[in-house]
Amino acid sequence: MSGPLDVAFAGDDFSVRDPITTLPRTLEERFMAAWRAAQAPDRYFRITEERHRLWRDALDQYHAATGETLGNPYDPGLDLGDPTRKQETRRKAVAFEKFRLAREQYAELPDPELIDFRIAQDARYRRDLAAQYSGTGNGFGAFLGDVAGEAATPHSLLAMLVPPARLAATGAQVLLRTFLGSVGREAVTQAAVGMGAQAVGEALDYATRKPLGTQQSAEEIGQNILGAGLGSALFGGGVRGLQEGWRLLQPGARAAAPSAVRDAARAVEREALDAGTNPLPPQATSAHEDLLARAQDAVARGRPAQVSDHVASATEAAIDGPSLLGSVAPRGEPGVRIEAGVAGDGGRERFVVYRDEAGAPVGVLRLTTLEPDGRRLDPAAGLTVYVLPQRRRQGIASDLYVEAARAGYNVRDIAGRGDLTPTGAAVRRALARERPGLGTAPPAGPHFVATGGRGDFAGTAPGNPDLGLAPRPGSDAELPIRAPRSHLRRLTGPQQDGAARQLGYDSAWHQLSDVAANWDAVHAGPDGRLVLVKGDATGTVATLTLRATPANRYWHVTEVGLRSADQVAALGAPLRVRGHSPGTLPGETTAVPRALPDEVGQGGGIARVPGGDGHAGPSPSDARSAATTGASSPPGSAGDVGGRPAERSDVIARRTDPAPAPSTLEPAGKADVQRVILLSRKAYGEAARHIEDAIRAGKPDVLTINRAGISANRRAALRGTRTIPGKHRDEYPPAMFKEGGAGASVRPINPSHNRAAGAYIGRACGGLPDGAKIRIEIAD
Amino acid sequence: MITASFVLDVSYSQIVIFPKSMENPYNHWTQRHSDQGFAWRPGCVAFGALTEGGSHLVEVSVVDHAGDVAGDVIRAIEVPFEVPVDDDIEVSGVSGLAFVSVPPGGYLLRCEFLPPAGDDEGRVRLIFARKDKPRFAVVRADEEISIGDGLLTTAEPAAP
């Protein structure tokens with residue numbers, strides 16, 4: 001490339017500055033000219049992108065010459081919303097001065113003052129070249145190139161892909177619903193959206209190009225806006241035409257269509273449903289325009305576009321909240337309930353109302369059903385939710401949706417667009433929890449709770465950001481413990497997960513939430529911090545470090561970890577100690593005498609416990625008989641086959657249902673342990689070590705047999721884990737015990753160790769009914 | 001042929017067969033047992049399951065001859081098994097168990113693991129063949145089975 005700069009420009013073709021001497025002959029030539037012209041750096045997006053690239057190249061050369069690194073004025077991190085552009089201005093000023101000085105020594109360095117000049121020159125040349133081609137015949141190639149070039153620009157793609165474009169379309173549609181037919185309405189709506197978006201783009205372009213002298217005339221800008229409107233109308237109307245056509249087809253004809261057509265039709269039907277049911281107001285259009293500008297800027301600077309909050313706020317602003325709250329009685333029973341409105345509504349309108357402790361409504365969700373007293377919601381009416389500003393971001397809207405879903409209203413179908421906003425995402429998660437299988441939120445993972453201006457927090461329950469309470473030094477008061485969502489990645493990273501698993505937890509989050517709620521002792525930490533400790537102080541314990549917020553209103557978790565007994569001792573005497581649930585912590589003194597060596601049956605396997613006989617409860621045969629249905633069936637008769645009919649029953653098969661359980665299953669205590677199971681580390685290897693580690697980390701060693709719950713426990717314990725070839729996932733507490741299930745420690749171990757330990761435990765529990773308690777001990 | 005079927009909950013990846021009145025059932029597994037897929041001692045045999053656990057549909061049949069192993073069988077292991085007089089046979093999955101009544105006598109017991117069907121996580125066929133010569137054999141091995149230096153035909157009880 002020739003020229004005063006040694007920086008590279010995109011499209012080497014345009015380094016040739018000679019005017020064309022021959023007319024383009026082929027469709028390809030015209031296509032490429034139009035394509036390149038469409039990508040010329042004379043639009044906001046391309047200018048910004050080109051500036052960033054050329055500055056980067058220049059700064060690289062500066063670095064190579066001087067060894068000094070300078071910041072790129074157009075690096076991500078700058079925000080269009082910052083009108084002062086302080087960072088950009090400052091970096092440019094610094095760079096200009098640095099370059100000026102450096103160029104005195106390194107003459108080969110480019111002059112950054114010329115970057116904008118060259119961008120403008122390049123853009124002008126591309127446009128001129130394309131203009132010379134126009135009107136020379138074969139306009140189809142130019143048309144295709146222009147369309148392809150425009151469609152391929154991030155500017156245009158964003159307008160198509162950014163979800164708010166669809167939302168804004170719907171908003172405009174609300175205005176036009178009563179005036180136009182479906183297809184025409186969609187076309188006009190899309191035209192309005194397209195023109196609006198284009199107008200924003202043109203305004204941005206003009207402001208950006210003017211200093212470069214490449215701005216377009218008012219006539220050109222007008223043409224661009226009209227063109228965008230026409231294109232959008234054709235596209236939008238066409239899609240709606242397809243939707244309407246498909247809808248008019250007879251069901252038989254639909255079914256006969258190829259599967260690909262049916263799939264496509266379902267997609268456009270879904271679009272039509274979304275468009276027809278989304279309750280966004282027209283004000284969303286202006287929000288969309290603002291969003292589009294922000295998104296363009298974000299993408300140009302190489303960072304993700306964050307858009308949804310703005311549309312949400314625009315939506316809220318348009319809802320007449322006080323009026324909506326006035327639709328329900330001013331006083332009622334506290335809590336969330338479904339109520340009829342104050343005014344007559346023909347039986348189709350219901351309100352889900354969240355009332356505070358005084359019974360005053362603070363949030364309301366309006367439902368309109370298709371039939372009076374029905375549960376199917378009217379898609380055309382959509383959903384409207386309003387929460388008093390001071391009570392927002394506390395999960396109230398989610399509670400309203402969940403209550404509606406619980407009552408059988410198909411809110412999720414209507415609220416399908418909700419995942420576009422943080423509120424919608426929270427609703428979706430809430431619905432998923434209510435209807436398992438619908439969502440992706442991990443059941444054992446944190447719930448994220450938004451609390452307005454103080455940010456998002458990880459909570460253990462929907463709507464509640466408090467993980468527990470910890471004392472405030474120097475007073476009797478306790479402050480809530482919270483984990484800011486922004487800290488969670490650091491607090492629960494892979495390293496913390498690994499440490500937590502050493503303690504028998506599933507994850508660092510599991511440890512965090514458990515220790516925050518169930519700490520045993522509180523120690524003073526450095527710099528006013530607090531260290532919560534859970535576990536036996538003679539071994540490795542789980543800890544949380546807390547730091548008070550500036551106003552001393554909350555404790556924030558700053559560290560999740562484990563500490564040795566020495567490290568805990570180094571913290572000094574605890575500020576406070578509190579009790580813990582029996583059977584959940586290691587190191588408890590037991591109320592049950594341990595088995596004496598001479599009481600250990602047959603080499604130390606199953607020990608007799610004073611008060612029991614080693615076979616407390618029914619004898620093995622008794623238990624089996626009691627649990628066996630059809631035990632008296634004569635040979636040749638049908639046996640119980642576990643709820644499924646036997647194919648044939650010449651062989652008597654009697655599946656034993658789980659032994660009858662006591663009327664209640666109390667938490668495992670130690671006073672009524674019926675059998676002690678001693679597992680040898682040597683004989684049972686990894687299985688014994690897993691059990692030992694899990695007990696040391698706080699899992700109970702006294703377990704309650706509950707064969708009836710084994711399937712559910714197994715599923716809960718293994719949820720989220722994956723099989724590992726050559727290993728078995730060992731659970732502790734095992735699934736056949738009441739204490740098993742969610743929260744059990746799961747560790748991949750040697751299959752032979754797992755089978756051996758399982759055979760031993762199975763043998764030891766033989767004859768014990770559900771509800772019987774055993775204690776597991778690990779020995780050498 | 002006489003048959004029965006039932007659903008058995010399996011834990012610790014094993015299905016154990018022994019007489020109901022056996023005093024010390026269940027076998028201790030070593031690495032070699034786990035590799036060959038079974039642990040056997042007189043009166044009690046434990047077969048390693050294909051899965052870690054879960055409900056299994058178990059089909060039990062008493063036949064003259066076990067016959068060929070069907071094509072859909074994933075793993076098939078044969079062991080000698082003696083059914084005592086006047087005693088049921090217990091089929092245990094550690095967490096679940098069932099009793100079957102099998103005519104007394106010496107059998108070739110073949111345990112076949114098949115692909116799961118329906119909602120169950122495994123399907124097992126136990127064939128008691130009264131006229132086949134009892135033997136130890138891994139008739140069909142899947143990738144988890146490794147026989148090495150031959151079959152180990154002894155095992156210790158699970159409880160010492």
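Let me start with one contact: the side chains of A:Asp693 and A:Arg747 are joined by a polar contact of 3.0 Å. A polar contact is a pair of N or O atoms within 3.5 Å; within protein, one must be able to donate a hydrogen and the other to accept it, and residues adjacent in sequence count only if both atoms are side-chain atoms.

Before going on, this is a predicted model, where local features need pLDDT of at least 70, side-chain atom pairs count only at pLDDT 80 or more, and totals for chains, interfaces and linings use all residues. Residues are numbered from 1 along each chain as its sequence is written, chains are lettered from A and ligands numbered from 1 in the order in which they are written, and side-chain values use heavy atoms, with hydrogens and water left out.

Back to A:Asp693. This residue is in helix α23 (residues 681-696) of chain A; helices (H or I, at least four residues) and strands (E, at least two) are DSSP runs, numbered from the N terminus. A:Asp693 counts as partly exposed, at 22% relative accessibility. Buried means under 20% relative accessible area, exposed over 50%, and partly exposed in between, with a 1.4 Å probe and protein chains only. Leaving aside neighbours within four places in sequence, A:Asp693 is in contact (heavy atoms within 4.5 Å) with A:Gln502, A:Leu503 and A:Arg747. From C-alpha to C-alpha, A:Asp693 and A:Ser745 are 9.3 Å apart, and in sequence they are 52 residues apart.

Also in chain A, A:Thr545 lies in strand β11 (residues 541-548). It is buried, at 5% relative accessible area.

Now the rings. Over all chains, the structure holds eight aromatic pairs. Rings of Phe, Tyr and Trp (its six-membered ring) pair if their centres lie within 6.5 Å; planes under 30 degrees apart count as stacked, over 60 as edge-to-face and the rest as tilted. How are B:Phe38 and B:Phe136 arranged? They are stacked, because their centres are 6.3 Å apart and their planes are at 10°. B:Phe38 is in strand β3 (residues 38-41) of chain B and B:Phe136 in the loop between β10 (122-129) and β11 (137-140) of chain B, so this pair ties together parts 98 residues apart in sequence. B:Phe38 is buried at 0% relative accessibility, whereas B:Phe136 is partly exposed at 27%.

A second pair, B:Tyr107 and B:Phe128, is edge-to-face, with 5.6 Å between centres and 85° between planes. B:Tyr107 lies in strand β9 (residues 105-114) and B:Phe128 in strand β10, both of chain B, so the pair ties together parts 21 residues apart in sequence. Both B:Tyr107 and B:Phe128 are buried.

Charges can also sit over rings. The charged end of A:Arg755 sits over the ring of B:Trp29, 5.0 Å from its centre. The rule is that NZ of Lys or CZ of Arg is within 6 Å of the ring centre and within 35 degrees of the ring normal.

Last, the backbone. Most residues other than glycine have a negative phi, and most peptide bonds are trans. B:Tyr12 is not a glycine, yet has a positive phi of about 55°. It lies in the loop between β1 (2-10) and β2 (14-19) of chain B. B:Ser13 is in the loop between β1 and β2 as well, with a positive phi near 55°. In chain A, a cis peptide bond joins A:Tyr732 and A:Pro733, with omega about 0°.
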